[in-house]
Amino acid sequence: MKAITHSLLGAVFIATNLFATNTFASKTERVDWQLAIDNADKARVSQYLTQSDKPAEMRQVLRQYSFDVYDDQVSRIVTLINYYPKFTDIENYGSQSIYFNRNTQRVSVLSAVSVSPSGTFTTFDPQKARLRDTDTYNTFTDGQELVMPLPALEEGGLSIIKYKLITDRNAQEMDWATNIWTENNYEIENFSLRANWHGNTVMRWKQRGSGVKCEERARTLECKGQSISAFSGDEQIMWRDHIYHIALGGLDSWDEVSSRTATFMQKAMEDTKGLDDLVSSLTDHTPEKSDKISKLLDFVARDIRYVSMSETGHAVTPHAIHDTIKNRYGDCKDKSTLLKAMLDKIGIKGELRLVATQRAYPSGLLLPSMTAFDHIVVCFTLGEQEYCLDPTDTATNWQVTPNWIQGKVSLPVNPDYIPHRLPTSVYRWQMSNKTKNKFDEKGGQYEKQTREYFGEYASYYRKYLMSKNDEGKQSFLTEEYKDTVTDLSEPDFSWTGVDEMSFDLEISSENTLPAFLDVSQPLNYTEGDAWIKKELGDMRLQNTDYGEYFSGIKLESDYEYDLNNLWKLKTTPPSLFFQYRFGSLIRKTEKLNDGRLRVNTKVDIVAQWIDADEIALFNRFLDILERESSIHLTGDLIEEPSA
């Protein structure tokens, strides 16, 4: 299936050995080392090693959190003790990571120790630590990951990680809030959390899931759990939507998030010098409003290059519009506030909308907090249609909500709203294919083919092709053709709509296939409807335990066969009308007057939710459509006229 979600917990819980980074952790002012071994942790580990019934699978022996929440700062002490029974556990989990914000948080590493099965303690050397950015393109986060490849780990050994994270609340633009995950890839033997709220700090917490019991007493929260089973994920889920967790924070309502964000975003309007002239230069000679919108989005998406700008004071607050115009760069908040201001100038009243790019279900947001969101876009209504424009996306036409944020949790930067999902298309993958085949006297075939992709699908292809030179485009399209249609020869390709943010994209090809038929024998010809088969194959659902969202396809193929007076049509593919509750396949076969044959096939499956217990049935439905899309025809030899 074309990927629209991210699976499981790898990005957060499994620290890898990819140290593509920039600086030693010991040299950063945000990390310091106070390495020692806590006596209680040492005793727990030593006792664990003496157990005769140690588990055969990876375990987290202890996951412990201690919070102290003050008006001006939050102190968090975290203790993690892991047991590694197999070498694969060491490969997957032997490098430990601490995630933090470089502008508002400080890390003190209190313990970083490996313990051999015989009880030898080896302390981590801070000079071996690495620090890397965790920011991703499009988002306005400013995170870093401190990676510690623990030394001397052995099968049957353990590790101890203990650190303190101090958050400076005065340096934060957004509110303080956090999620504590009470599940992991492996079983957690002992979980504990204690949080104290001091002074007049507002106390807010909520819990999702079983396995951990929480009690609140006198502005203190205590949570404990034992033998918590490993989180059971699936191929296509966003784990943050499903994993059990405890949320801590301090805001009362989503209105507070909206109003605070609006205040930050409004600061971009404090200096708009150059805005009027810029909008005029782009739209004065463009009468149609749709064309004006297109030009403005094209400019902000492509002429204002993306540069992460979440430094201190601008984690949420955009830079002044004048600065963004002058510098010709910015991140999502800079680009979105500029685009909104430009749309206002042409009479389009848009609104900014926060997006949680890693969440699809608002129910997973237990407490109001701006920390849930990492992206911002511009939405407006034109006619009766809502449009959401992402100016960090350089490939998607304005009439389409970009594929990567469709259905993600969002919050308008306006009061009286709660989080809800961004709109999704009825058909996210739309394409048509027209193919003309003419058989030749040698038993080969001349083929002319035109594929057209629309909306999100045009953007999907454009992203692959736009960064390649012409030779690279030819190479990519040739390999795709060989995988999908035939590898008997290599077609010549041409394309339109690759370099523009247009609604559609067209790929054309011409190809002469070498002889593969015996023209002295009656015709018995079968081929799969190649591009329909490819699309149906790509859309198989993959989950086994969770339901899955099918994002909708609308396909049309039109094949025309010219037998070139080599044969006379005898049998043709049957016309079909196959409809089921999931969708339909309709095929029409038509003999043309000059002996040619036309086969037109349409597949229509709207976007829909498929429950887990129906995924096998749905995939079987796709199998049937793929099978029935095959084209088979026969023809008799044309007899030579008698003398």
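Here is a short walk through a pair of packed helices and then a sheet with a helix lying on it.

Keep in mind that this is a predicted model, where local features need pLDDT of at least 70, side-chain atom pairs count only at pLDDT 80 or more, and totals for chains, interfaces and linings use all residues. Residues are numbered from 1 along each chain as its sequence is written, and side-chain values use heavy atoms, with hydrogens and water left out.

Let's start with helix H5 (residues 275-283) and helix H6 (residues 289-303), which pack at an angle of about 125° with their axes 9 Å apart. Because of that angle, H5 counts as oblique to H6 (under 35 degrees is roughly parallel, over 145 roughly antiparallel, 65 to 115 roughly perpendicular, and the rest oblique). Axes here are lines fitted to C-alpha atoms, for helices over the stretch in contact, and angles run from 0 to 180 degrees between N-to-C directions. Helices (H or I, at least four residues) and strands (E, at least two) are DSSP runs, numbered from the N terminus.

Who does the touching? On the H5 side you'll find Leu-278, Leu-282 and Thr-283, and they meet Lys-292, Lys-295, Leu-296 and Phe-299 of H6; contact means heavy atoms within 4.5 Å.

Now for the sheet: 5 strands form an open, antiparallel one in the order E21-E20-E19-E22-E23. Two strands pair if DSSP finds at least two bridges between them. At the edges sit E21 (385-389) and E23 (420-421), each pairing on one side only. Strand E22 (residues 409-412) is joined to E23 by 2 bridges, and Val-409 stands opposite Arg-421 in E23. Helix H8 (residues 332-345) packs on this sheet, touching E19, E20 and E21.
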